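Here are some questions for a first look at this protein.

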Amino acid sequence: MSEHPQQTEEQATVAEAQGDEDLAKPRRRLSGRTRLILILVVLLVLGGGVLWFVRYETTGKFMQETNDAYIRADLVTIAPKVSGYVAEVLVSDNQDVVAGQPLVRIDPRSYRAHAAQAEAQIAQAEASANATRAQIAQQRAAIEQAQAQLAAAQAKARYDAEEVRRYTPLAASGAESRQQLAQLRAAAEQSAANARAQAAALAAQQRQVATFEAQIGQSRAQRQGAAAQLEAANVDVSSTIIRSPVAGRIGDRTVTVGQFASAGTRLMSVVPLRQIYVTANFKETQLALMRPGQPATIAVDALDGTKLLGRVASVSPGTGAQFSLLPPQNATGNFTKIVQRVPVRIELEATPAARRLLVPGLSVTVTVDTRSAKGQLDQIRKQQEQLTDRKR
């Protein structure tokens, strides 16, 4: 009875040893497969890493992307030039309009009255000028009469003076009386005085012509002033019809019929959808190689990520913070450095069908290919180092 347990223990030990050998054999085969798989995985990872590195060095690092980008358009605010009650609204919300199309009509009656008043002032100035011209013609006749009277007076004065000269030696010799000579001298002095009076009268008549001509000039100036008022009144009359300055779509319409619209009050906006563009706010660390003319890809969220083509048009001359209402003053208080963003304008190259679906304010993702500026940053560094060496 004592030998059986010992044999059982020995058999169990042999069975365990055989089991370990059986288990060890598949483990060695599994380790070989695992090693091969690991080698393949490592090779694939290394190959993928090499391919990624090559692609990054040749293309990836030159692709600058931002999702802080939106579609924009230069909205045109429609406001009246003149004040008045709105007589008619000629467009509806979201309506497409063309350049020059009437949008709103303001009651023009008061401005037409101003135009009629200016026309009356013009007619009055012309009538005054015509009356003055008639006076000038009448005055020229009076001048001719004065000239004739002056000529007669001068002839009489010459005759009387000649009589005095002829009678003076006769009176001295006693052939004529001194009383007769005295009468002749008095008549000669009277004739001379009359000739001077006629000359003065002629001069006065001639100066009156200049006065009348000055009145014509005044009437002409009044007419010009009235004509200017008429032109301004006609401009105001034409301004009572507000037209669209550009082609686009009506938005944010607030005007209604019967409303009193003051000059400069916003009535609506016209969005030129054919001239939409993208404003992409890139980080300052992304701008080193960004240049106007570089191609861009725009993914529009509203079109389920549909990609459109574009081109860099320009880069803002300052960061967005510099053009804000209250620019930051980093010289005061504590300072925390924040990466700034610079607005970049992207021109869209889209089909008319795509443009019809795009409106300002939509979010997009912009990727700019900066490979055309490859190497320029190194040139800048080299030139700066040369400048530094020369300064030393």
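Q: Over the ring of which residue does the charged end of Arg345 sit?
A: This is a predicted model, where local features need pLDDT of at least 70, side-chain atom pairs count only at pLDDT 80 or more, and totals for chains, interfaces and linings use all residues. Residues are numbered from 1 along each chain as its sequence is written, and side-chain values use heavy atoms, without hydrogens and water. A charge sits over a ring if NZ of Lys or CZ of Arg is within 6 Å of the ring centre and within 35 degrees of the ring normal. The charged end of Arg345 lies 3.6 Å from the ring centre of Tyr277.

Q: Is Gln139 buried or exposed?
A: Buried means under 20% relative accessible area, exposed over 50%, partly exposed in between (1.4 Å probe, protein chains only). Gln139 has 9% relative accessibility, so Gln139 is buried.

Q: How do the planes of Tyr85 and Phe260 lie, stacked or edge-to-face?
A: Rings of Phe, Tyr and Trp (its six-membered ring) pair if their centres lie within 6.5 Å; planes under 30 degrees apart are stacked, over 60 edge-to-face, the rest tilted. One aromatic pair is counted by this rule. Tyr85 and Phe260 have 5.1 Å between centres and 70° between planes, which is edge-to-face.

Q: In β7, which residue is the bridge partner of Asp96?
A: Strands (E, at least two residues) are DSSP runs, numbered from the N terminus. Two strands pair if DSSP finds at least two bridges between them. β4 and β7 (residues 248-251) pair in the antiparallel sense over two bridges. In β7, the partner of Asp96 is Arg249.

Key:
Helix = DSSP H or I, 4+ residues; strand = E, 2+ residues; numbered from the N terminus.
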